[in-house]
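Me: I have a structure open and have not looked at it before. Can you walk me through a few parts of it?

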Amino acid sequence: MRESHISSLVVATPEAMRELGNRIGRMLLEYQGPALCIAIEGELGAGKTTFVSGVLGSAGVRGPVRSPTYTLIEPYELAGRSLYHLDLYRLTDPSEIEPLGLRDLLTPGSILLIEWPSRAEGRIPPPDLALAIQYLDPPQDGRRVRITPGSPEVAELLRRLLR
Ligand SMILES: Nc1ncnc2c1ncn2[C@@H]1O[C@H](COP(=O)(O)OP(=O)(O)OP(=O)(O)O)[C@@H](O)[C@H]1O
Ligand SMILES: [Mg+2]
C-alpha cells in the first residue's frame, strides 16, 4: 500500500463525522463484489461508532447506533445487503473472535464495520478500507481521520468521493 493513497481529513464535529460515514457508506453500497471489510481504529471515544452510524444511516438505519461492546457483533439486513457492526474492544486475545464465525459472514455484498480491529490482529481479513481516527490537539475538539484503501478498486472509488 503506497503512502500516497492515504487521505487525511480534519473532521470538526460529530455531525461531520456522521456525514463522512454517510458518504463512504453510499460509496460502499455502490460497490458490487466480494465482502468488504472496513477497519476503524481510534482510541476510546475517538468517534468510531459515530462514523459507523453514518454508514448504517446510508443503508437506511434511523436513530442511534450503539457499539455492540458486550455482544461483539450486531447484524443488519438492509437494502438487500448484510451489514455487520463489530466492536472488538473486549477481546483479550485475538483467538476469542473465532466463535463469531467471521468467515461465514464474508459473502458477496456483505459489509463488515469493525471497531478495535487491532484486538483481532491476524484473525480478520486485510481491510478493504482502513480508517484511523485521532483526537486533534486541544483546545480543538475535532478529529483527524486518515483513510487508507486496501485495493486499487476502493482507491478509485475513494478518489472520486473525496475530490
Ligand atoms: N469529529 C468529531 N469531533 C468532535 N467530537 C466527535 C467527533 N466524532 C465523534 N465525536 C464525539 O465523540 C464522542 C465519542 O464518539 P463515539 O462513541 O463514536 O466514539 P468511539 O470511538 O466509538 O468510542 P468507543 O471507543 O467507546 O467505542 C461522542 O460524544 C461523539 O459525539
Ligand atoms: Mg464505539
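**Ala46 and its surroundings**

Reply: Leaving out residues up to four places away in sequence, Ala46 touches Ile133, Gln134, Tyr135 and Arg143; contact means C-beta atoms, placed from the backbone, within 7 Å. This is a predicted model, where local features need pLDDT of at least 70, side-chain atom pairs count only at pLDDT 80 or more, and totals for chains, interfaces and linings use all residues. Residues are numbered from 1 along each chain as its sequence is written, while chains are lettered from A and ligands numbered from 1 in the order in which they are written.

Me: Ok. Where does Ala46 lie?

Reply: Ala46 is in the loop between E2 and H2. Those labels are DSSP runs numbered from the N terminus: helices (H or I) have at least four residues, strands (E) at least two.

Me: Is Ala46 buried or exposed?

Reply: Ala46 is buried, because 21 other C-beta atoms lie within 10 Å. Buried takes 20 or more other C-beta atoms within 10 Å of the residue's own, exposed 12 or fewer, and partly exposed is in between, with C-beta atoms placed from the backbone.

Me: New topic. Which residues are closest to ligand 1?

Reply: Pro14, Gly47, Lys48, Thr49 and Thr50, out of 18 that surround ligand 1; the cut-off is a C-beta atom, placed from the backbone, within 6 Å. Helix H1 (14–30) and helix H2 (48–58) each supply at least two residues of that shell.

Me: And H1, which residues in H1 are buried?

Reply: In H1, Met17, Arg18, Leu20, Gly21, Ile24, Gly25, Leu28 and Leu29 are buried. They are on the same side of H1, because they cover an arc of only 165° around the axis, taken from the directions from the helix axis to the C-beta atoms. Glu15 and Glu30, on the other side of H1, are exposed.

Technical notes
Two residues are in contact if their C-beta atoms, placed from the backbone, lie within 7 Å.
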